[in-house]
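Look at the sequence and the structure first, then read on.

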Amino acid sequence: MIAAMTRLLMLIFTASLAENAVFGRALVTRRMLFLKKREEVLTFSAVITLMMAVTGLIGYLLDRFLFYPYGISIYLRSAAYVVLLGAEYLILTVVLSKKSSRWYQIVKSILLLASYNVAVLGTVLYCSYHRYGLPERFCYFIGTGLGVMLALELIEVGSQNIAMSKVPRAFRG
C-alpha cells in the first residue's frame, strides 16, 4: 500500500517537474505564453487539468474496453482522442452557457485554448501509449496540470522581470 502511494506521488512529482509539459516536452502554444494576469493563469491551469481528467477518464475506458483488446494503433487512438476533445468542448460549452453563465463568461476565452491544447492531447496519448492504469493516469494528469501552472507562473514572473529591467531589445525574446 505504501509502495503504491509512493509510486503515485512520484508520478505527480515527475509529471509536474521532471517531465513538465511546457518545458520538458515543449507542449505549449504561443497564446499560452501571453496569459498576463494571475487569475488567467490559474483559470487556464484549472480548465486544462479538468480537460485532462475528463479526457483521461473517458480515454481510459476506451483504451481498456476498445482500443487495447482490439489492437487499435496509436495513430487511430490519436484521432479518436481529438474527436473526444471536440465533443468535450461542445458539451462543456453548452452546459456552462446554460447552467452557469457567470462562470462561462469568465472561462469562455480560455476554454477553447485549453480544450484543444497539445498538452492535453499529448498527456492523454502518453498515458495511453504507456498503458497506465486509472490511478496512474489521474495522478499524471494532476501533476501535468500543476506543472503547466508552475511553468506559466515562471514565464509570467520572468516577463515581469524583463519588463522592469534594462535588457537589450535583442535579448528580450
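## Helix 3 and helix 4

A crossing of two helices is called left-handed if the near helix is turned anticlockwise from the far one by less than a right angle, and right-handed if it is turned clockwise. In this predicted model, helix 3 passes helix 4 in a left-handed crossing. The residues in contact are Leu85, Tyr89, Leu92, Thr93, Leu96, Ser97 and Lys99 on helix 3, and Ser101, Trp103, Tyr104, Val107, Leu111, Leu112 and Ser115 on helix 4.

Two packed helices are described by the angle between their axes and the distance between the axes. For helix 3 and helix 4, the axes come within 9 Å and the crossing angle is roughly 165°. Angles over 145 degrees count as roughly antiparallel, so helix 3 is roughly antiparallel to helix 4.

## Helix 5 and helix 6

The axes of helix 5 and helix 6 are 11 Å apart, and the two helices pack at an angle of about 150°. This angle makes helix 5 roughly antiparallel to helix 6. The crossing of helix 5 and helix 6 is right-handed. Helix 5 makes the contact through Thr123, Val124, Tyr126, Cys127 and Ser128, and helix 6 through Arg137, Tyr140, Phe141 and Thr144.

In soluble globular proteins, nonpolar side chains tend to be buried together. The largest nonpolar core of this model has 34 residues, and Phe44 and Ile48 have the most contacts inside it. The elements giving two or more residues to this core are helix 1 (2-18), helix 2 (38-67), helix 3 (74-99), helix 4 (101-115), helix 5 (118-129) and helix 6 (134-164). Helix 2 gives the most, with seven residues.

What does isoleucine 48 touch, not counting residues up to four places away in sequence? Its contacts are Ala114, Asn117, Ala119, Val120 and Val148.

## Salt bridges

Side chains of opposite charge can pair when their charged atoms come close. The model has two salt bridges. One joins glutamate 136 to arginine 7, with the closest N and O atoms 3.8 Å apart. Glutamate 136 is in helix 6 and arginine 7 is in helix 1, so this pair ties together parts that are 129 residues apart in sequence. Arginine 7 has a relative accessibility of 44% and therefore counts as partly exposed.

Another salt bridge joins arginine 137 to aspartate 63, with the closest N and O atoms 2.6 Å apart. Arginine 137 lies in helix 6 and aspartate 63 in helix 2, 74 residues apart. Arginine 137 and aspartate 63 are both buried.

Terms used:
Residues are numbered from 1 along each chain as its sequence is written. This is a predicted model: local features need pLDDT of at least 70, side-chain atom pairs count only at pLDDT 80 or more; totals for chains, interfaces and linings use all residues. Side-chain values use heavy atoms; hydrogens and water are left out. A nonpolar core is a set of buried Ala, Val, Leu, Ile, Met, Phe, Trp, Tyr and Cys residues joined through side-chain atoms within 4.5 Å. Buried means under 20% relative accessible area, exposed over 50%, partly exposed in between (1.4 Å probe, protein chains only). Helices (H or I, at least four residues) and strands (E, at least two) are DSSP runs, numbered from the N terminus. Contact means heavy atoms within 4.5 Å. A salt bridge is a side-chain nitrogen of Lys or Arg within 4 Å of a carboxyl oxygen of Asp or Glu. Axes are lines fitted to C-alpha atoms, for helices over the stretch in contact, and angles run from 0 to 180 degrees between N-to-C directions. Angles under 35 degrees count as roughly parallel, over 145 as roughly antiparallel, 65 to 115 as roughly perpendicular and the rest as oblique.
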